[in-house]
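Please examine the protein shown below before reading on. The paragraphs that follow lead from a single residue to the whole chain.

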Amino acid sequence: MPDFIAPQLATLVDEPPSGYNWFHELKFDGYRLICRIERGKVTFLTRHQKDWTVKFPNLSRVVKSLPAASAMLDGEVVVFDAKHLSSFQKLQQLIGKTDAGFVFEVFDLMYLNGFDLTEASLKDRKEALKELFSLIDQRGSLRYSDHIEGNGEIFFKKACERGLEGIVSKLASAPYKSARTRNWLKVKCSKRQEFVIAGYTHSDKGLPFASLILGVYEKGELKYAGRVGTGFSDKLRRELKKKLDGIARQSSPFANMPKDPGLREAEWVTPKLVAGVAFTEWTADGSIRHPSFQGLREDKKAEEVRRELPG
């Protein structure tokens, strides 16, 4: 078994594909992790191979209940709110502070008991995964993430009506590829993506900061994408300010200084931190409207952050 299999990534599109050769799954709002099982040892790895096992000791114990000598699972660690919706903000509040409340939703199986399954079809991989999970209790913190076949348009509509983030549509006949492909497509109910934190503005209300300055990379250069000033608790603002103070710099990290007059007395930071932000739309000049901070994305690298547009 390999030490790691990089996750397959989905391409953003405007609407789900049609036809019964597509599987449609719920899109979760959590941390994508690869789980490796070998001879009783469980390891959780981020897409950049950071070992996050220590963050989820309870999940590690539960994964050991799977009847597999060796396996590689693809899934997402999430926390559900009172409405049974995955909440990244709640996940951020709990991670590193408690081991309760996390759920590992598993949606793919790349390796099992000596067999490499990456060249098998998604249909066959999910059948093997479902059989593996049929032998354990799925009402707890380890769950098989099911799908529907076809009817993507209806499934997407229902997901949005329930307040979910969106869906992921996957070609049933396709193998597993460690790349961003059009065999996996994601459709979002609302706009949400990652942004690089480039600095912050001062508050006239005694807060640690008024807003975070956001950017995305374009052709290797950091471009201004607006500011976010909502979605923070007082405690979160203080915690973020400490992180920002640790990476302070004198000059703007943007390739060209933004025209936003609100940045005249801004404080700049080295572009290392990545923020998840929900918003309503992009403006013509490349900024976001009505943004709301969702949390830091410790699993994403700043230099990978791009403006997400439907392909």
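Leaving aside its neighbours within four places in sequence, with which residues is Leu109 in contact? They are Ala71, Met72, Leu73, Leu117, Arg125, Ala128 and Leu129, where contact means heavy atoms within 4.5 Å. This is a predicted model, in which local features need pLDDT of at least 70 and side-chain atom pairs count only at pLDDT 80 or more, while totals for chains, interfaces and linings use all residues. Residues are numbered from 1 along each chain as its sequence is written, and side-chain values use heavy atoms, with hydrogens and water left out.

Leu109 belongs to strand S6, residues 103-112. Helices (H or I, at least four residues) and strands (E, at least two) are DSSP runs numbered from the N terminus. Leu109 counts as buried because its relative accessibility is 0%; buried means under 20% relative accessible area, exposed over 50%, and partly exposed in between, with a 1.4 Å probe and protein chains only. Although Leu109 and Gln89 are 20 residues apart in sequence, their C-alpha atoms are 28 Å apart in space.

Two loop residues may be considered next. Asn113 lies in the loop between S6 and strand S7 (115-116); its phi is positive, about 45°, although it is not a glycine. At 38% relative accessibility, Asn113 is partly exposed. His84, in the loop between strand S5 (70-78) and helix H2 (88-94), also has a positive phi, near 65°. With a relative accessible area of 60%, His84 is exposed.

The interior comes next. In soluble globular proteins, nonpolar side chains tend to be buried together. A nonpolar core is a set of buried Ala, Val, Leu, Ile, Met, Phe, Trp, Tyr and Cys residues joined through side-chain atoms within 4.5 Å. The largest one here has 35 residues, and Phe195, Ile197, Leu212, Ile213 and Phe293 have the most contacts inside it. Among the elements that each supply at least two residues of this core are strand S12 (191-201), helix H5 (234-245) and strand S20 (292-296). Apart from it lies another core, of 31 residues, including Val42, Leu59, Leu91 and Leu117. Beyond its neighbours within four places in sequence, Phe293 is in contact with residues including Gln89, Leu212 and Leu240.

Finally, the protein may be viewed as a whole. Its secondary structure comes to 5 helices and 20 strands, and 51% of its 311 residues count as buried. Along its principal axes, the C-alpha trace spans about 60 × 40 × 35 Å.
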